[in-house]
Amino acid sequence: MQMMTRDVLLEMELEEDDDDDGDIGDDPASKRPLMAPATLPSSLVLENLEQTIVSRFGSLESQQDFRTPEFEEFNGKSDSLFFNDGQRRIDFVLVYEDESRKETNKKGSNEKQRRKRRAYESNLICDGLQLEATRSILDDKLVFVKVHAPWEVLCTYAEIMHIKLPLKPNDLKTRSSAFDNFNWFTKVLQVDESIIKPEQEFFTAPFEKNRMNDFYIQDRDTFFNPATRSRIVYFILSRIKYQVRDNVKKFGINKLVSSGIYKAAFPLHDCNFSSPSEDLSCPNERYLLYREWAHPRSIYKKQPLDLIRKYYGEKIGIYFAWLGYYTQMLLLAAVVGVACFLYGYFNQNNCTWSKEVCDPDIGGKIIMCPQCDKLCPFWKLNITCESSKKLCLFDSFGTLVFAVFMGVWVTLFLEFWKRRQAELEYEWDTVELQQEEQPRPEYEARCTHVVINEITQEEERIPFTTWGKCIRITLCASAVFFWILLIIASVIGIIVYRLSVFIVFSAKLPKNLNGTDPIQKYLTPQMATSITASLISFIIIMILNTIYEKVAIMITNFELPRTQTDYENSLTMKMFLFQFVNYYSSCFYIAFFKGKFVGYPGDPVYWLGKYRNEECDPGGCLLELTTQLIIIMGGKAIWNNIQEVLLPWVMNLIGRCRTVSGAEKKTPRWEQDYHLQPMGRLGLFYEYLEMIIQFGFVTLFVASFPLAPLLALVNNILEIRVDAWKLTTQYRRMVPEKAQDIGAWQPIMQGIAIMAVVTNIAFTSDMIPRLVYYWSFSIPPYGDHPHYTMEGYINNTLSYFNVADFKSKSKENPYTELGDYTTCRYRDFRYPPGHPQEYKHNIYYWHVIAAKLAFIIVMEHIIYSVKFFISYTIPDVSKSTKSKIRREKYLTQKLLHENHLKDMTKNMGVIAERMIAVVDNNLRPKSD
């Protein structure tokens, strides 16, 4: 079929067109020089051709030559994926509302929308696509325009997009695995190959029309699979123009959908998820994915990654491959974390320092200093008995071992994932993806400046000059920095809340522990402040997230990245930087700042000159950090499940209720898919973001909560199936996209891994002070015990303060029920009153500081040495994968070269025969 080459553009006057389409998709044609095709990318050659055609044939005002789609009635085949003729496959569906049947008919506005749509559809037909329109069965206002790409169009754009297609079957033998002997065990976890058959592997090469005979074309209808066909059609839909105003062209289906001219645009699912299609030729891939992947009964099975990639594209496939691999690696971390927790659980009765806190003769007789200036009372240490018992579960020697283990685990995970990713690049044929990725249409539309390419020394177009790029980067960075400052301000607000409300809780909550009220055992002023502050922090986090998502997208759109990969990487870095500060700032405050700069009762440190700094419990801030992590991780998981599962399910349920009157009618495949929820171009981005935030919680502060990997493991097992259920049952089919790797998320995880080493072994645990006491201060010359012991630890770590030294006279104890005391205790390592260096840090303090620094330096070097050793010994690409890639390149080049030589030989033979014939005719004597 020969492609048409005439475009129709609406010439609109400024005062006539009052819709605000924004900037994305605007093509300032008057500012673009027309260049020779040899100097432009293939995608821009077509654009210049269109400009020439438009200038030659004029606009709509001079030629009323719209080409409109054929209108056909629904033929009653609800499972059909073809036009009414049963031959042409539906590659894409466009949906609009007929303006003539709208209830609120704004004549002028509706006419403009209709003309734009007709111009767009006419240009689609001119570009070679075939359209067929059908009215809705359930709502006669809706019209579905089915799009089909003929063979010639597919071949032309496959070459423009550099799509790799099969040359010949891959006959390389796969090496046997060392785990083949365990097939009897792994077979239970594998997907049944009789249900989902393994995909045949091919040698591939970028498609070229003039070498079509070299490609493995057995059937033209199946050579381009449905995912590739949809991808090609979407590429065309994104670049077709429909209007020109003041020499500025507007184009693209995304722009038409966002402005309401079309209601939706999507490729079709191939069947219902709950039952196979009645059409025997349908592969029923959606049904197979639901049955073997999304259904709860398949929760223990491995994911059918090849089928996911085939149906949804490499971008979706690589996400589920990464999520599955991360979940598998969490299994090891969860086992060690549970072992660490059990160690603390079974040894909590041997926790000497907790026994001392709860002992009425020790903790019950230790009077602690007030923790605020006015209303806070003196209090007995044993009021923190229950919290000290819980702390023994998490802050034990096992926690120290687990922190070191997690530093090694995160390195193993990242290195082994890079190997797995390299294998997928080879298996899914994305090794050279960067070479075939096309610029975004929004970027192409802004290319108005002509520069000389440093490599080719030819002219090319860019959207802005170097100075303009610097201005954009500066503005974008300033906006991101402003929002980060806003988060920091919210964190400071939470800290001020903590300091303020702690005074209230200290005054209202009981001062004595009588043992009769169970609430008194747990609801200490510190615990009440921590829980309420964590809940408020979580609410603020979710509110700021919602706002910043929209801001980040606006900033990235203004930045104008060149390709979709560049766009997503830029958005990823902005969003994660914001989310990192948003989610982790409160945790960093508790782990590294709370209780570290409080001074002492006679000379406390004040925030903003007004609020006295918070102090930790006598056992440390680790339990408060654990509480913070549980609330944020748990709240985030619940909120995400509501958003991901409940919201689309409710929306689809409402949609079905609205169309209940036509429930008995047979509805076509395209109408069933229309009533599903749209996924959105950034839907997968939020899935990654959710998991990376979880990855940060699991690695950065895991020493405070060893059960975090177990919770993450359970969550991820459910997350995989929930995401699968959501994609296969609740959402329209996404446009398949290519992806080589997980993008900017890889360096983000590497950065988190480096930080995790420091955060886990630094100041989040009180294990180091305990070890210092055990090995140095429990025995002479500093201690009185004849052997190493933890007895006396609490008394040794609490300093004395003389009540008479309070600067504020109001500190004279107003709480007569506790009696009059001359001294009180506080958590610090300082000399007692009366000492020549009273209230100065004592020798124990400097021993602890030295031990912490030594431990951090030694363990950091050990873990980083292990990290670098593992990185060196485990290459990113395995030897077998490298060999396969080289072998495939060699055979592909050999095949193409041999075919080229055959063609040359054949052509030379034909030329030689013709030359001989000509010579023979010339030499033959002429007859009279």
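Hi everyone, let's start with helix α18: 24 of its 29 residues are buried, so this helix is largely enclosed by the rest of the structure. Buried here means under 20% relative accessible area, with exposed over 50% and partly exposed in between, using a 1.4 Å probe and protein chains only. A quick note: this is a predicted model, where local features need pLDDT of at least 70, side-chain atom pairs count only at pLDDT 80 or more, and totals for chains, interfaces and linings use all residues. Residues are numbered from 1 along each chain as its sequence is written, and side-chain values use heavy atoms, leaving out hydrogens and water.

Back to α18, which covers residues 564-592. From first C-alpha to last, α18 reaches 39 Å, close to the 42 Å expected at 1.5 Å a residue. α18 also has a kink of about 50°, centred on Tyr584; that bend is the angle between axes fitted to the seven residues ending there and the seven starting there.

Now, how do α10 and α12 pack? Their angle is about 140°, and their axes lie 6 Å apart. α10 and α12 are therefore oblique to each other. For the cut-offs, under 35 degrees is roughly parallel, over 145 roughly antiparallel, 65 to 115 roughly perpendicular, and the rest oblique. Phe341, Gly344 and Tyr345 in α10 meet Cys392, Leu393 and Phe394 in α12, where contact means heavy atoms within 4.5 Å.

Last pair: α21 and α22 pack at about 170°, with axes 11 Å apart. These two, α21 and α22, are therefore roughly antiparallel.

Note on methods: Helix = DSSP H or I, 4+ residues; strand = E, 2+ residues; numbered from the N terminus. Expected span 1.5 Å × (residues − 1). Axes fitted to C-alpha atoms, helices over the stretch in contact; angles between N-to-C directions.
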